[in-house]
Amino acid sequence: MILTHAGIDAFNKYLNTTVGREKLCRCVQYFARFYAFYLLRKGSPAETVQRWVDLRTHIANGRKFYRLLKPVEFAQAGIKSLNAPDEIVRFTGVAKQLGMCLYYLSEVFVLTNAINFYKPKNLQRIFEFGQKCWLFGITASLLSGLYTFKQLSVREYMLGKTRKALLMNEEKSEEQIVELKAQEKALAREKYNAQYQFVQDAVDTIIPSSALGFIKADEGIVGLAGVITSSMAMVSQWKKLNG
């Protein structure tokens with residue numbers, strides 16, 4: 001791998017965004033979670049395992065500072081979702097933003113407890129409530145994804161009919177062909193993005209589901225799930241900034 005000024009500029013551009021740094025920290029945090037479990041199963045010394053557990057804990061707390069005002073962002077997005085003309089898009093959009101808003105609100109109390117600033121008496125209930133809200137938000141996003149797949153399949157069918165009609169038309173123009181190809185390319189991009197987000201959401205459900213005891217997943221599986229979804233989010237942010 002050859003380092004270039006352009007590559008370093010792109011990397012710095014990525015790190016200059018809060019989302020970019022937060023997702024990178026998230027990836028390291030969940031890798032530490034996975035690796036601590038791996039070392040424990042391997043029978044490594046306790047101090048070696050604890051080193052990675054501490055890394056995971058400190059990064060997790062640090063990430064919470066990044067997200068202190070996230071509830072405001074999701075509350076605003078939820079209000080904007082109320083204006084969606086499609087009922088299903090409106091319902092799933094509001095549900096997702098509400099779930100994520102409440103999840104990040106609960107994380108504030110988890111953070112105040114971790115740094116000994118304010119210790120709620122019912123911290124465990126607050127934590128479980130936050131995990132349920134996170135799972136609720138992800139589930140709403142998955143439902144939205146399924147609905148998007150349905151809409152895209154209808155558009156794909158209609159474009160297929162348009163292509164057949166255009167091919168049978170002897171008077172078709174080059175401009176019509178170019179326009180059809182542009183529409184097909186845009187549809188393929190939307191389909192890929194929808195599938196990408198759906199997979200990311202599906203893998204992410206492992207984390208709150210495990211925390212709530214809905215599924216039996218050890219720390220290794222949860223750690224890997226976090227690494228996968230963090231890496232996917234990092235790729236999305238990179239493409240958004242650098243193309």
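Start at the second largest pocket, which holds about 270 Å³ of space. Of its 17 lining residues, select Lys-96, Ser-141, Ser-144, Gly-145 and Thr-148, the closest to the pocket centre. A pocket here is an open set of points, on a 1 Å grid over the protein atoms alone, with protein on both sides within 12 Å along at least five of seven lines; lining residues have an atom within 4 Å of a point. The volume is the space filled by probe spheres set on the points, which are joined across faces, edges and corners.

This is a predicted model, in which local features need pLDDT of at least 70 and side-chain atom pairs count only at pLDDT 80 or more, while totals for chains, interfaces and linings use all residues. Residues are numbered from 1 along each chain as its sequence is written, and side-chain values use heavy atoms, with hydrogens and water left out.

Stay with the pocket and colour its lining by type: five residues are nonpolar, 10 polar and two charged. In this scheme Ala, Val, Leu, Ile, Met, Phe, Trp, Tyr, Cys and Pro are nonpolar, Asp, Glu, Lys and Arg are charged, and the others, Gly among them, are polar. Helix 5, helix 6 and helix 7 each contribute at least two lining residues.

Now zoom out and show the cartoon. The protein has nine helices and zero strands. Helices (H or I, at least four residues) and strands (E, at least two) are DSSP runs, numbered from the N terminus. The C-alpha trace spans about 75 × 50 × 35 Å along its principal axes. Of the 243 residues, 35% are buried, where buried means under 20% relative accessible area, exposed over 50%, and partly exposed in between (1.4 Å probe, protein chains only).

Next, select Glu-190 and Arg-155. They form a salt bridge, with the closest N and O atoms 2.9 Å apart. Because Glu-190 lies in helix 7 (residues 174-204) and Arg-155 in helix 6, the pair ties together parts that are 35 residues apart in sequence. Glu-190 is partly exposed at 35% relative accessible area, and Arg-155 is partly exposed at 36%. A salt bridge is counted when a side-chain nitrogen of Lys or Arg is within 4 Å of a carboxyl oxygen of Asp or Glu; by this rule there are 11.

Then select Glu-184 and Arg-163, whose side chains meet in a salt bridge at 2.8 Å, N to O. Glu-184 is in helix 7 and Arg-163 in helix 6, so this pair ties together parts 21 residues apart in sequence.

Move to Glu-22, Lys-23 and Arg-63, which are linked in a network of salt bridges. Between Glu-22 and Lys-23 the closest N and O atoms are 3.6 Å apart. Is Glu-22 buried or exposed? Glu-22 is buried, with a relative accessible area of 6%.

Return to helix 6 and pick Trp-134. Trp-134 is buried at 8% relative accessible area. Its C-alpha atom is 9.6 Å from that of Asp-204, 70 residues away along the chain.

Finish with the surface on display. Phe-65, Leu-68, Leu-69, Val-72, Phe-109, Ile-115, Phe-117 and Tyr-118 make a nonpolar patch of about 850 Å². Nonpolar patches join side chains of Val, Leu, Ile, Met, Phe, Trp and Tyr within 5 Å, using residues with over 30% relative accessible area and no salt bridge; areas come from the Shrake-Rupley method with a 1.4 Å probe. Tyr-118 sits in the loop between helix 5 (87-114) and helix 6 (123-168), and at 44% relative accessibility Tyr-118 is partly exposed.

Methods: Patches are made of residues with over 30% relative accessible area and no salt bridge: like charges are joined within 9 Å, nonpolar side chains (Val, Leu, Ile, Met, Phe, Trp, Tyr) within 5 Å. On a 1 Å grid over the protein atoms alone, a cavity is a set of points where a 1.4 Å probe fits but cannot get out, and a pocket is an open set with protein on both sides within 12 Å along at least five of seven lines; lining residues have an atom within 4 Å of a point.
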